[in-house]
Amino acid sequence: MLTLSTIIYFSMIASLQTLSPGPAVTLLINEGISNGFKKTLPFMIGFRLGEVMLITASLVITYVGAKAFSEYVYLIKLVGGAYLVFLGCRIILNKRRVSSTNKKDDNRFFVSLIKAMVTTL
């Protein structure tokens with residue numbers, strides 16, 4: 001069972017992680033500079049909703065996964081690390097433009113919301 005100290009420790013790490021810029025923050029800054037505050041609002045909402053979903057899912061999956069697959073944790077770490085290296089190499093080697101915004105589309109609230117949530121997750 002999760003203890004109060006474990007939940008507090010997890011919450012502190014998640015809060016500190018929020019302060020470091022990641023892909024969602026970069027997307028948010030890009031949208032803010034390109035389109036202004038009003039069109040960036042769905043990204044802000046989606047960003048926070050995605051973080052809440054991510055933290056909740058991480059807590060549940062970590063607890064359940066550690067109980068059920070305790071003997072496979074090292075293997076899961078290796079596969080996860082290899083995947084991160086693969087993504088890093090793919091980003092470094094891919095020179096095409098990452099973000100293109102369509103300024104003509106005014107009805108994009110939910111598209112922007114989902115885009116920010118997926119970027120966060």
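Me: Why is alanine 14 called buried?
Reply: Alanine 14 has a relative accessible area of 11%. Buried means under 20%. The value of 11% falls under that cut-off, so alanine 14 is buried. The model is a predicted one, and alanine 14 sits in its helix H1.

Me: What does helix H1 pack against, and at what angle?
Reply: Helix H1, residues 4-19, packs with H3 at an angle of about 145°, and the two axes are 12 Å apart. The crossing of this pair is right-handed. From H1, the residues Phe10, Ala14 and Thr18 meet Arg48, Glu51, Ile55, Ser58 and Leu59 of H3. Sorted by class, that contact has four nonpolar, two polar and two charged residues.

Me: How far apart are alanine 14 and isoleucine 55 in sequence and in space?
Reply: In sequence, 41 residues separate alanine 14 from isoleucine 55. In space, their C-alpha atoms are 7.4 Å apart.

Me: Why are H2 and H3 called roughly antiparallel?
Reply: Helix H2 covers residues 23-35 and helix H3 covers residues 37-68, and they pack at an angle of about 165°. An angle over 145 degrees counts as roughly antiparallel. The angle of about 165° is over that cut-off, and therefore H2 and H3 are roughly antiparallel to each other. Their axes are 8 Å apart.

Me: Which residues make the contact of H2 with H3?
Reply: On the H2 side they are Ala24, Val25, Leu27, Leu28, Glu31, Gly32 and Asn35. On the H3 side they are Phe37, Lys39, Thr40, Phe43, Met44 and Phe47. The residues of this contact divide into eight nonpolar, three polar and two charged. H2 passes H3 in a right-handed crossing.

Me: What makes proline 23 count as exposed?
Reply: The relative accessibility of proline 23 is 59%. Exposed means over 50%. Since 59% is over 50%, proline 23 counts as exposed. Proline 23 belongs to helix H2. Between proline 23 and alanine 116 there are 9.4 Å in space, C-alpha to C-alpha, although they are 93 residues apart in sequence.

Me: How do you know that glutamate 51 forms a salt bridge with arginine 48?
Reply: The closest N and O atoms of the pair are 2.4 Å apart. A salt bridge needs a side-chain nitrogen of Lys or Arg within 4 Å of a carboxyl oxygen of Asp or Glu. The distance of 2.4 Å is within 4 Å, so the pair forms a salt bridge. The structure holds one salt bridge. Both partners lie in helix H3, three residues apart, which is about one turn of the helix.

Me: Why does glutamate 51 count as buried?
Reply: The relative accessibility of glutamate 51 is 14%. This is under the 20% limit, so glutamate 51 counts as buried.

Me: Why is arginine 48 called partly exposed?
Reply: Arginine 48 has a relative accessible area of 44%.

Me: What makes tyrosine 63 count as partly exposed?
Reply: Tyrosine 63 has a relative accessibility of 29%. That value also lies between 20% and 50%, so tyrosine 63 counts as partly exposed. Tyrosine 63 is found in helix H3. Tyrosine 63 and leucine 2 are 61 residues apart in sequence, and their C-alpha atoms are 7.9 Å apart in space.

Me: How many helices and strands does the protein have?
Reply: There are five helices and zero strands, and the pattern along the sequence reads α-α-α-α-α. Of the 121 residues in the protein, 16% are buried. Among contacts between residues at least 6 apart in sequence, 81% join residues at least 24 apart.

Note on methods
Residues are numbered from 1 along each chain as its sequence is written. This is a predicted model: local features need pLDDT of at least 70, side-chain atom pairs count only at pLDDT 80 or more; totals for chains, interfaces and linings use all residues. Side-chain values use heavy atoms; hydrogens and water are left out. Axes are lines fitted to C-alpha atoms, for helices over the stretch in contact, and angles run from 0 to 180 degrees between N-to-C directions. Helices (H or I, at least four residues) and strands (E, at least two) are DSSP runs, numbered from the N terminus. Angles under 35 degrees count as roughly parallel, over 145 as roughly antiparallel, 65 to 115 as roughly perpendicular and the rest as oblique. A crossing is left-handed if the near helix is turned anticlockwise from the far one by less than a right angle, and right-handed if clockwise. Contact means heavy atoms within 4.5 Å. Ala, Val, Leu, Ile, Met, Phe, Trp, Tyr, Cys and Pro count as nonpolar, Asp, Glu, Lys and Arg as charged, and the others, Gly among them, as polar. Buried means under 20% relative accessible area, exposed over 50%, partly exposed in between (1.4 Å probe, protein chains only).
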